[in-house]
Amino acid sequence: MARSGLAAAARVAHWADAALGPGRDGGHSDGKGTLSDATAERAAADLGLTVAQVRADWDTARLAGLVEVHGDSARPSWRLRAWDRDDSAVLRGWVALFDAWSLAHPEPEQHGHGAVADVVSALPQVLSFLQLSAGPVPVEQLLDLLEQRVTELRTERCEIPYGPQSEPVTAPAAVEDTPLAPLLDWALHALASVGALTYGDGQATLTPLGSWAVWVKLEQICVAAQSPAGNIEQAAEDMLRGCAQLRPNAARDEYRAWLAARPVGSAVTELLNAARGDDALLRGLAFEALRVVGAPAEPDVRAVVDEPTLRPYALLWLAEHDGVDPEDAHEALTREEATWLWVDTAAAVTDHGEAPMLVRHLESALQPTVPALLDEVRAVGHPRTVQVLVALAAAHPDPALAKAVRRAAFQVHTGGS
C-alpha cells in the first residue's frame, strides 16, 4: 500500500533523476526546489500527465523525502535510491508523508493559524480513536472528540504570565470561537489525500496502512533495518547499515573485522563515499568506523573538510585525532556547523530511531531556547529541515512546543516567515 500510495511521487522523482543532469535548470530559484514551468511541462509530456499532476506528485515526493532540496535544486534521496530493494525505505517515506499531512493539503484560509494548530495538535487522539474503533466512525462523533480534546489543550496551555495580573488572561476570542467542523473536514480530507483514511458519506475509516502507522506511533515501534549476515563481505554502505542496530562495542568489532579484510586506502575511500550519501545515519557511522581506522585515515579526512556535508564530522574527527577530549571536540565547530550537525543527526534519528530519541535529541541543541534553535535551523538550510521539524512536532508531547515546531516546518516548506 505504501508503494502504491507513493508510486506517482516516485515516478516523477525517478524521472527527474534520469532526465535532469547536474547543473541543468530544473527548478525556480526560490530555495524550495519548485519545478520550473519548462521542466514541469517536459515531465508532463514524458509521463503522460498534466502539469498540475506533476507538480502535485513532486510536492508529495518532497514531503515523503524521496527528493531533497539543496538551495535552488533538488536531488534524489537515499529513500529513492533504495526504493526497489528496501521496503523499510518505502515505509519510512510514507510515514514522513503521514507526519506531514497538514502540509499536503491546503489549510482553510479563513481560519487563523492558532485554531489550525490546535486541531493539528488534537488529531493524534482522533486518529487513536479511529484506530481503536477498527471501522467506520461517524464524523459527528469525531467532531465531539475533537472539540473535547481542543478544549483540553486550551485548558492545559499555560497562558498566564508570571507576576501579578489585574485581569484574568484568556485565549483570544478568535481562536476560542472558531468552529471546528470545517477544520475537521479539512483534516480528514488531508489525511485521506495521503492515504491514511477514507472519508465520505459522513464517516471516516482508517486504511490498513493508516491503522498500522497509528499503531506504530502509539506503541513507539519503528521499522528497523535488519542486520544482514556477513557484514565483513559487504560494501561499506551495506556493512554500516548492518551495524546500525548493534551496540557500540559490537559495531566497533565489526568495523575492525571489515577493515582487516581489505586495504586501508580503499576502505577509507569506501567509507567516505558512504558518508557522502543521503542517509545521515550512515554518515555518522562511517566516521565512527574511521575512528577505528585512526591515523592512516587522517589525510583523507583532512581532504574532505571543505565538503559542506562532511565538514562537521571531519572537524570533530580531526579534533579527537589531535588529542582533544571527545566531550570538548564540538568546540572545533562554528555555531552554524554545530546547528547543521544537529539537524543531520536529527535526520538520522527521524529515519532510523524512535520518537522519544528525537525528543531527547532536542535537549542536545546548543541554543538556549526552542525559538532560537528554530531560527538557526532555518538559517543553515539543511535539506532535511522540513522532515526533521515535522517529525519532531509529531513526537513532542508538549502541544505548545509542537505547534511552534510545526509552524516553523510550514514556513520552511512554503518559504514564508
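**The sheet and beyond**

Mentor: An open sheet has three strands in the order S3-S5-S4, with antiparallel pairing; strands pair if DSSP finds at least two bridges between them. Helices (H or I, at least four residues) and strands (E, at least two) are DSSP runs, numbered from the N terminus. It's a predicted model, so local features need pLDDT of at least 70 and side-chain atom pairs count only at pLDDT 80 or more, while totals for chains, interfaces and linings use all residues. Residues are numbered from 1 along each chain as its sequence is written, and side-chain values use heavy atoms, with hydrogens and water left out.

Trainee: Which strands are at the edges?

Mentor: S3 (137-138) and S4 (197-200), and each of them pairs on one side only.

Trainee: What packs on that sheet?

Mentor: Helix H7 (residues 113-133), which touches S3, S4 and S5. Contact means heavy atoms within 4.5 Å. The direction of H7 makes about 75° with that of S5, where axes are lines fitted to C-alpha atoms, for helices over the stretch in contact, and angles run from 0 to 180 degrees between N-to-C directions.

Trainee: How many bridges do S4 and S5 share?

Mentor: Four, in the antiparallel sense, with S5 covering residues 203-206. Gly200 stands opposite Gln203, and Thr198 faces Thr205. S4 and S5 form a hairpin with two residues between them, and Asp201 in the turn has a positive phi of about 55°. On the S3 side, S3 and S5 pair over two bridges, with Pro138 opposite Gln203.

Trainee: OK, switching to helices. How many residues of H17 are buried?

Mentor: Eight of its eleven, so to speak "mostly covered", and the helix runs over residues 311-321. Among the buried ones are Pro312, Tyr313 and Trp317. The cover includes helix H15 (280-293), helix H16 (298-302) and helix H18 (335-352). H17 is followed by Gly323, whose phi is positive, near 100°.

Trainee: How many aromatic pairs turn up in the whole structure?

Mentor: Three. Rings of Phe, Tyr and Trp (its six-membered ring) pair if their centres lie within 6.5 Å; planes under 30 degrees apart count as stacked, over 60 as edge-to-face and the rest as tilted. One of the pairs is Trp101 with Trp186, with centres 5.3 Å apart and planes at 45°, so that pair is tilted. Trp101 lies in H6 (residues 101-104) and Trp186 in H10 (residues 181-193), so the pair ties together parts 85 residues apart in sequence. Both tryptophans are buried.

Trainee: And Phe287 with Tyr313, why is that pair called stacked?

Mentor: Because their planes are at 25°, with the ring centres 5.6 Å apart. Phe287 lies in H15 and Tyr313 in H17, so the pair ties together parts that are 26 residues apart in sequence. Phe287 is buried at 1% relative accessible area, and Tyr313 counts as buried at 9%.

Trainee: One more, Arg79: buried or exposed?

Mentor: Buried, with a relative accessible area of 2%. Arg79 sits in helix H4 (residues 78-81), and its contacts include Arg92, Asp351 and Arg384.

Definitions and conventions:
Buried < 20%, exposed > 50% of the residue type's maximum accessible area, 1.4 Å probe, protein only. Lists of a residue's contacts leave out its neighbours within four places in sequence.
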